[in-house]
Amino acid sequence: MLALFGATIVAMVGLIVYWRWFPRAGTKWANEVMNPWLVNQGLSGAGKSEIGTLEHFGRKTGTRHLTPVHPVATADGFRIVVPLAEESQWALNVLAAGH
């Protein structure tokens with residue numbers, strides 16, 4: 001039992017280290033599988049869901065994209081946390097478009 005616990009801890013630390021070195025790991029799956037599923041199921045941007053839908057257009061292709069986000073209400077409007085910061089493709093698209 002103790003060996004299983006130790007192996008679990010080592011695996012978790014390994015995943016954290018890997019993700020710190022490669023922060024975009026898993027984003028392709030999220031963008032191509034998870035995000036469309038959330039939008040198609042009506043789980044983002046509908047009803048009383050805490051998940052909103054951000055519409056943006058590709059910087060190079062002009063393709064319309066719908067990205068699930070978690071907006072947080074503030075006194076001035078809303079704040080959307082960008083987990084990948086400068087590496088977030090939707091954030092780069094929004095900044096390039098200017099809106």
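**Words and the values behind them**

Author: G98, which comes just after helix 3, has a positive phi of about 85°. Keep in mind that this is a predicted model.

Reader: What makes the protein more spread out than a compact globule?

Author: The protein has three helices and four strands, in the order α-α-β-β-β-β-α along the sequence. For 99 residues the globule rule gives 13 Å, and the radius of gyration is 17 Å, well over that value, so the protein is more spread out than a compact globule. Its C-alpha trace spans about 50 × 35 × 30 Å along the principal axes.

Reader: Why is T67 called buried?

Author: Buried means under 20% relative accessible area. T67 has a relative accessible area of 10%, so it is buried. T67 is in strand 2. Leaving aside residues up to four places away in sequence, T67 touches N35, G52, T53, L54, H56 and W90.

Reader: What percentage of the residues in the protein is buried?

Author: Of the 99 residues, 16% are buried.

Reader: How do you know that the buried residues of helix 3 line one face of the helix?

Author: The residues in question are W90, A91 and N93, which are buried. Viewed down the axis of helix 3, the buried residues fall within an arc of 160°, so they line one face. As a general point, an α-helix has 3.6 residues a turn, so residues three or four places apart point the same way.

Reader: What covers those buried residues of helix 3, and which exposed residues are on the face turned away?

Author: The cover includes strand 1 (52–57), strand 2 and strand 4 (78–80). On the face turned away from the buried side, helix 3 carries L95 and A96, which are exposed. The cut-off for exposed is over 50% relative accessible area.

Reader: Which residues lie nearest the centre of the largest pocket?

Author: They are N31, N35, T67, Q89 and W90, out of 30 lining residues. Helix 2 (27–40), strand 2 (64–69) and helix 3 (89–97) are the elements that give two or more residues to this lining. Helix 2 gives the largest share, seven residues. The volume of the largest pocket is about 700 Å³.

Conventions. Residues are numbered from 1 along each chain as its sequence is written. This is a predicted model: local features need pLDDT of at least 70, side-chain atom pairs count only at pLDDT 80 or more; totals for chains, interfaces and linings use all residues. Side-chain values use heavy atoms; hydrogens and water are left out. On a 1 Å grid over the protein atoms alone, a cavity is a set of points where a 1.4 Å probe fits but cannot get out, and a pocket is an open set with protein on both sides within 12 Å along at least five of seven lines; lining residues have an atom within 4 Å of a point. Grid points are joined across faces, edges and corners, and a volume is the space filled by probe spheres set on the points. Buried means under 20% relative accessible area, exposed over 50%, partly exposed in between (1.4 Å probe, protein chains only). The arc is that of the directions from the helix axis to the C-beta atoms. Contact means heavy atoms within 4.5 Å. The radius of gyration is taken over C-alpha atoms; the globule rule is 2.2 Å times the number of residues to the power 0.38.
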